[in-house]
Structures are given as C-alpha cells and as structure tokens.
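Hi,

Here is the structure I promised to pass on. Have a look at it first, and my notes follow below.

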Amino acid sequence: GVETTDNGADPGIALDGVSVTFGGVTALQDVSIAVGDGEFFTLVGPSGCGKTTTLRTIAGFETPAAGHVRIGGQQVDGMPPEERDVGIVFQNYALFPHMSVRENVAYGLRFRDPPGDVSSDERVDELLDLVDMAGMGERDPEALSGGQAQRIALARAIAPGPELLLLDEPLSALDARLRERLRVTVRDIQQDLGITTVYVTHDQAEALAISDRVAVVNGGRIEQVDTPERLYREPASRFVAEFVGDNNLFDGEVSATAPLRARVDGKEIRLPKTANVSTGDSVTLCVRPETIRLGGAERSESSESETTLTATVENSEFLGDAYRLHCTWNDRSILVKTEGRQPPDDTVELKFDTADVHLLQDS
Ligand code: ATP
C-alpha cells in the first residue's frame, strides 16, 4: 500500500509497505499504517505477531528490508534512533538504581533541553506532578512500587517533549487492578499532552479501552485498522472476529436471497438485509454472546427478525456482573452472556436478532 501522506494530511507517523526480516524469518510483511497527529494508536495481536518489531522500526532500532517510515511527514529511513524525536517506555524499563527518582527523570533530558522556557529542575517537577509523583523525587527507585516505577519511566520518556511516544507493553508486568487504573492514567496524560502515541499490547480489552484506533496484527501483517467500536462490531476477518472479545462463529452457505438466509448445519439462519452475498456463497456468521437471549421453555420457530437454536448448557462461569454460559448446539460450542446462572445439562432456547448477525465473507 502506498496510500498515506500524499493526500495533504501530514500524519504523525506513516509506515509505507514496511517489511522487516531477521535472517530468514519475516517479522513484518508489507505493513502500511498512518497514525494521525495526536492520535492514540494501538498495535494488538498474539505473541510473536510483530508488534514490538513495528515499534522498534518506528524508533529506528530495526532497519526495514523494504518500505519507508515517516515521522511528522519527514522520511526518517536510516536516521539513528537518538535523532528521531521519540520517547519510549518498555515493559520493564528498569530505572537506574544508583540515581534518585528525580535524576532518573532528568536523564530523559540528557540529549535535549526541556521544552519551553523552564530549567531542567522545573521541568522535572512538572513531570513528577504530571505522573502524580510530586514530592517523591528524592526516593530511590527500589523504594517504588511497579506502578510508580512505570509512571517514572513515562515521565522520563516525555521529559524532552518528544513528538512521538512509543509504549511497549508498559503495564503488562503489573497486576490486573493496577493495570486497569494505570491505563486510564496513561490515556489521560496522552490527552493532556496531545502527543502522538503508539501503544503495544497483547491484551485486546486494554486496546479497546484506551485507543482512538487499533491495528490488529497477525503473523507480521495488519489484519484491520479501525476504531475500537468498529473492530468489535464489524470485524473484517475471522482472525479479528475471534481475537477481539468473545464471539460465536458459524460457517454456512447462503441458501436463499429472498429473504436472505444461510444454512448452518442444516438450520436456516436469517441474514441482515444489507449483506452483499449470493446464493451458494460461503459465509461465516458472527454472533456476540451478549446479543443472545435465553428463551422460555416453549418452543418457538425462528421468525424473520430472529433465530432460535435449541442448545444444551455445559457449564456457567460467574463473571461478577454476568454469567458466561458454555452451550452446545449440533456439537458446536456457543458462548452466551446472561444475567442468571443456568444448571448444566439444561436444554435452552438461544435467541438472537437478525440485525445482530455480522457476516464475514473471507471464509
Ligand atoms: P510479544 O508479544 O511476544 O512481544 P511481538 O508481537 O512483539 O511479540 P516481535 O517481538 O515483534 O513480536 O517478533 C516478531 C517475530 O520476529 C517473531 O517471530 C520473533 O521471533 C522474531 N524476532 C523478533 N526479534 C528478533 C531478532 N532480533 N532476531 C530474530 N528474530 C526476531
């Protein structure tokens, strides 16, 4: 792909057809993304898919075998990392133990004067305040919790006022509760500064929670780039449909067009009118667990606007605010999110609206 910066817009970052190889291994293949100025952009995907390599390529630590990188509209191919205007936080960015917290933050200013008209000391105070660590400057890094240490690492990265912020799993070493709190902090600080940010995580829920847009990476390629809402509601591929949130996927074949429906295991399931398919097409139907309702004991036939599947409950998980039922229908597993527990071995009627069926055509 070569559609990026030449249309007038001057994105914060552009990767144009970037490929990166290690020996014989292709880590990134023809990756094109354009991150807007001030955008919070997240790379999410399973382990080894190429997220860190993408980030390291933007930072200048990897040299693409093909393609180009632009930062602020300027081509930066071959430019060494320290000349790129980039702040970076890694998963376990160890602070220097022999320096105080304050000296660690000030270290971020070793190549550059602080932005604006402030002294280094004033800048460090500003930053400690920003990451809610005011008054802790004289502490030893060993005396910090994991969450505090990551906030100091963030302060150090943004100290010189970089144009870009690159965050590689900055929260993944922290426990779940702290991770959820700190991701909001990271987002707030990013918004305050308006700094173009690329964030790497393997946690799809985290990606959805904090990003303006998300790129789903799979096997060194970009599967989809979209807002969190669109990724969730309109996954473009089977991979995205399965990776982002819980989902139920049914493979079927379009059996009729008026009205539109597909046959799945001998069962006719109505498809949304908007689906652009023809009889005989292979399709995959995606139905989110929270869009499935439990019907009463009375058998009801599927109507135009809804489908009913008679399924068996295998077990229920208590999630706190809901139950996740694992059901089977025709030897297929179906996940259902409900308010109530359901005893195992119960026969239930699973109902979902035709409008809640999302179609994939890449099967
Ligand atoms: P994780 O979430 O596990 O950190 P990731 O999505 O960040 O994974 P990368 O670290 O970018 O994935 O790795 C992508 C691929 O490139 C993997 O197959 C990895 O083994 C390979 N790779 C990465 N760095 C190197 C290297 N320096 N030498 C050889 N292979 C590498």
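A quick definition before anything else: I call two residues in contact if their C-beta atoms, placed from the backbone, lie within 7 Å. Please keep in mind that this is a predicted model, where local features need pLDDT of at least 70, side-chain atom pairs count only at pLDDT 80 or more, and totals for chains, interfaces and linings use all residues. Residues are numbered from 1 along each chain as its sequence is written.

Domains first. The protein splits into domain 1 (5–242) and domain 2 (246–360), with bounds that come from an automatic or database domain assignment. Their C-alpha centres are 39 Å apart. Where they meet, seven residues of domain 1 are in contact with six residues of domain 2. On the domain 1 side, helix α8 (residues 238–243) gives the most, with three residues. By class, that side of domain 1 has two nonpolar, one polar and four charged residues (Ala, Val, Leu, Ile, Met, Phe, Trp, Tyr, Cys and Pro count as nonpolar, Asp, Glu, Lys and Arg as charged, and the others, Gly among them, as polar).

Overall, the C-alpha trace spans about 75 × 45 × 35 Å along its principal axes. You will find eight helices and 20 strands; these are DSSP runs numbered from the N terminus, H or I of at least four residues for helices and E of at least two for strands.

Now the core. A nonpolar core here is a set of buried Ala, Val, Leu, Ile, Met, Phe, Trp, Tyr and Cys residues joined through C-beta atoms within 7 Å. The largest one has 90 residues, and L166 and L285 touch the most other members. Helix α4 (residues 146–158) supplies the largest share of this core, seven residues. Both domain 1 (5–242) and domain 2 (246–360) give residues to this core, so it lies between them. Leaving out residues up to four places away in sequence, L285 touches F250, G252, A262, V264, I269, V357 and L359.

Helix α4 is worth a look of its own. Since 10 of its 13 residues are buried, α4 is largely enclosed by the rest of the structure. Among the buried ones are Q150, R151 and R156. The buried residues of α4 pack against β6 (86–89), α2 (101–107), α3 (120–130), β7 (164–168) and α5 (176–193).

What surrounds the ligand? The shell is F22, V25, A27, G45, S47, G48, C49, G50, K51, T52, T53 and H202, counting a residue as near if its C-beta atom, placed from the backbone, lies within 6 Å. β2 (25–35) and α1 (51–59) each supply at least two residues of this shell, and the largest share, three residues, comes from α1. By class, the shell has four nonpolar, seven polar and one charged residues.

Cheers

Definitions and conventions: Buried ≥ 20, exposed ≤ 12 C-beta atoms within 10 Å, placed from the backbone.
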